[in-house]
Amino acid sequence: MDYATIRANFEKHGFATQLFSTAEEARNYFVESLDKQTIGFGGSITLKELGLFEALSERNAVVWHNRVAHAFDVRRLANCARVYITSVNAVSESGEIVNIDGTGNRVAMTAFGPDICYYVVGRNKITPDLATAHHRARNIAAPLNAKRLGAKTPCAAQGDRCYDCDSPARICRITTITDRAPFSMKSEIVFVDADLGL
């Protein structure tokens with residue numbers, strides 16, 4: 001993986017970047033960087049695998065709907081955070097981010113709201129170009145997430161690809177392509193040279 005070129009492409013698009021060899025190094029970076037902050041989390045297996053909620057909760061107020069019963073209210077609360085941390089469904093080596101969302105809270109916060117948005121990206125999420133990033137988000141990440149959530153959709157049942165269904169339980173409702181960092185906030189990509197998330 002040519003991280004130097006990938007990082008240069010994202011930096012050319014207005015993103016700050018970091019690169020870590022392990023999940024532990026990435027977790028330590030966040031712990032050392034964030035203190036006494038209000039932090040919102042987007043839905044993310046990657047963040048769970050990093051143990052980031054527990055690590056950051058010691059010195060910050062961390063809001064994550066995956067940790068409470070009343071998820072909808074907590075999503076709204078997370079949208080008031082000064083710092084937002086999420087993952088991605090895919091990124092391209094050319095410097096674009098693709099995310100697919102059902103509720104919209106995660107993609108909304110990556111576009112506007114916090115002072116800084118961090119994206120944690122495992123090497124398994126990196127694709128050669130925008131077309132393959134979109135394909136990965138739609139045909140790999142989305143079916144795996146639908147299956148994990150127990151959605152009653154063809155992709156969850158089959159687990160193999162997107163069926164572009166009209167199921168009421170469809171989780172693919174909003175697709176965003178972020179090809180430049182928004183004017184409204186600092187955006188940082190934290191690359192981890194390990195497989196993380198779905």
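Student: What makes D164 and R170 a salt bridge?

Tutor: A salt bridge is a side-chain nitrogen of Lys or Arg within 4 Å of a carboxyl oxygen of Asp or Glu. The closest N and O atoms of D164 and R170 are 3.0 Å apart, so the pair meets that definition. This is a predicted model, where local features need pLDDT of at least 70, side-chain atom pairs count only at pLDDT 80 or more, and totals for chains, interfaces and linings use all residues. Side-chain values use heavy atoms, without hydrogens and water, and residues are numbered from 1 along each chain as its sequence is written.

Student: What does the salt bridge between D35 and R59 tie together?

Tutor: Their closest N and O atoms are 3.1 Å apart. D35 lies in the loop between α2 and β2, and R59 in the loop between α4 and β3, so the pair ties together parts that are 24 residues apart in sequence. Helices (H or I, at least four residues) and strands (E, at least two) are DSSP runs, numbered from the N terminus. D35, at 33% relative accessibility, is partly exposed, and R59, at 43%, is partly exposed too.

Student: How many salt bridges are there by this rule?

Tutor: The count comes to 8. One of them joins D115 and R82, at 2.7 Å from N to O.

Student: What makes a set of residues a nonpolar core?

Tutor: The members are buried Ala, Val, Leu, Ile, Met, Phe, Trp, Tyr and Cys residues joined through side-chain atoms within 4.5 Å. The largest such core here has 24 residues, and F30, F41, L56, I85 and Y118 have the most contacts inside it. Helix α2 gives the largest share, 4 residues. Leaving aside residues up to four places away in sequence, F30 touches L52, L56, I85, Y118, V120 and V190, where contact means heavy atoms within 4.5 Å.

Student: Why do β8 and β9 stand at the edges of their sheet?

Tutor: Two strands pair if DSSP finds at least two bridges between them. The open sheet has the order β8-β5-β6-β9. β8 and β9 each have a single partner strand, so one side of each is left without a neighbour in the sheet. For β9, 5 bridges join it to β6, and the two run antiparallel.

How values were computed:
Buried < 20%, exposed > 50% of the residue type's maximum accessible area, 1.4 Å probe, protein only.
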